[in-house]
Structures are given as structure tokens and as C-alpha cells.
Amino acid sequence: MTNTQIIDVELSRPGWQANIFAVAGDRYSRYIEVHLYNGGQPYEPPSGTTCMIGWWRNDTEFGSYNSVMTEDNSTRQAWSIDGNVVTIELNWQIAQKAGKVGVNVALIGTDGSRISTWEMLCDVQRGPVADADDPTKPSESATDAANRAEAA
């Protein structure tokens, strides 16, 4: 079951916008539905707008993406825009291990310019099973985790 967090982001207010949550190794806790506002009014990005999602952990690990890897090693878009709602999927690297992760979302115009950016703090909570060895399958069953632990 997918768990989508819903947050409001006021684009006219710089700085941290929200605290979000994920569970390490759980691919179903990674969806964020962002309702955009500018000056208290719903803000709809111009047609053709895309997203770039960045992340950083402890000033030593960082990355950016706009697509996520699937189990069959293909990729799919990590975001969608519908009116004033931007839905993003946190990639496996953000939710790989417990701890605090900064997340930055940028709206990019058709000419490549940055329309707006906002930041969120993701609290990745410890998962009930170990992280998977294969990053394309970040969630594993308790049986698989026990078998892997026993083999080690």
C-alpha cells in the first residue's frame, strides 16, 4: 500500500517548507504530494515545466535526479504536475538508511531556467528489515532478510 504525504508549500516564503518522513528500505513510504501556493493563492506552474529533485545527507552524500529506477532496470519519471499539485517520489538513495536527509525540489521552465525551489527535511526512520543489497529492490521481505542474515 502506497502512503502519500500531503504538504502545502508557500513559494513566496524562502527556507525550509516542511518535514517529511520515509522508512528505510520501504518503497511505499516515498511519495510526497505538494500543493503549491504563491501569496496564499494556488500556483500552477507553466505548461512544460519539469522538476529536478536534489538531496544531501551529512554534507558527505548528495545527488539529484528526475527519474527513478524500477525493478526491471528501466526508469520512470519521479514527478508529476497536475494543476497546483506536484507529486514526487523519493529515490532509493534518500530512503536507503535512517537519518535526516535534506530534499530540494526545483521547478524548471521550458527554457531551462529555474522557476522556483523549495526545501524539505526528510526524517528517514529505521525500517523493520535490513536494506536490500540491490538498490533496484530497496524493500525486502522479512524472510529474505532473515535468510540473508543467516547466510552471513
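Buried means under 20% relative accessible area, exposed means over 50%, and partly exposed is in between, using a 1.4 Å probe and protein chains only. I start there because Asp123, with a relative accessible area of 22%, is partly exposed by that rule.

Some ground rules. This is a predicted model, where local features need pLDDT of at least 70 and side-chain atom pairs count only at pLDDT 80 or more, while totals for chains, interfaces and linings use all residues. Residues are numbered from 1 along each chain as its sequence is written, and side-chain values use heavy atoms, with hydrogens and water left out.

Confidence next. pLDDT is the predictor's confidence in each residue, from 0 to 100. The protein averages 84, and 82% of the residues score at least 70. Helices (H or I, at least four residues) and strands (E, at least two) are DSSP runs, numbered from the N terminus. Confidence is highest in strand β4, residues 41-42, at 97, and lowest in helix α1, residues 142-151, at a mean of 57. Over residues 134-139 the pLDDT stays under 50. For that stretch the model has 17 contacts beyond four places in sequence, a contact being heavy atoms within 4.5 Å.

Now the salt bridges. The term means a side-chain nitrogen of Lys or Arg within 4 Å of a carboxyl oxygen of Asp or Glu. How many salt bridges does the structure hold? There are 4.

Asp123 forms one with Lys100, the closest N and O atoms being 3.6 Å apart. Asp123 lies in strand β12 (residues 114-125) and Lys100 in strand β11 (residues 99-108), so the pair ties together parts that are 23 residues apart in sequence. Lys100 is partly exposed, at 49%.

Arg76 pairs with Glu89, with closest N and O atoms 2.9 Å apart. This pair links distant parts of the chain, Arg76 in strand β8 (residues 75-77) and Glu89 in strand β10 (residues 85-89), 13 residues apart. Arg76 is partly exposed at 35%, whereas Glu89 is buried at 9%.

Arg57 bridges to Glu61, where the closest N and O atoms are 3.2 Å apart. Arg57 counts as buried at 2% relative accessibility, and Glu61 as partly exposed at 24%. Arg57, Glu61 and Lys97 are linked in a network of salt bridges.

Arg57 and Glu61 bring us to a pair of strands. Strand β5 covers residues 50-57, and 5 bridges join β5 to strand β6, residues 61-65, the two running antiparallel. Two strands pair if DSSP finds at least two bridges between them. Ile53 has Tyr65 in β6 as its bridge partner. The two strands form a hairpin with 3 residues between them, and Asn58 in the turn has a positive phi of about 55°.

Last, the interior. A nonpolar core is a set of buried Ala, Val, Leu, Ile, Met, Phe, Trp, Tyr and Cys residues joined through side-chain atoms within 4.5 Å. The largest has 31 residues, and those with the most contacts inside it include Leu36, Ile88 and Trp118. Strands β1, β2, β3, β5, β10, β11 and β12 each supply at least two residues of this core. Leaving aside neighbours within four places in sequence, Leu36 is in contact with residues including Val9, Tyr43, Leu107 and Trp118.
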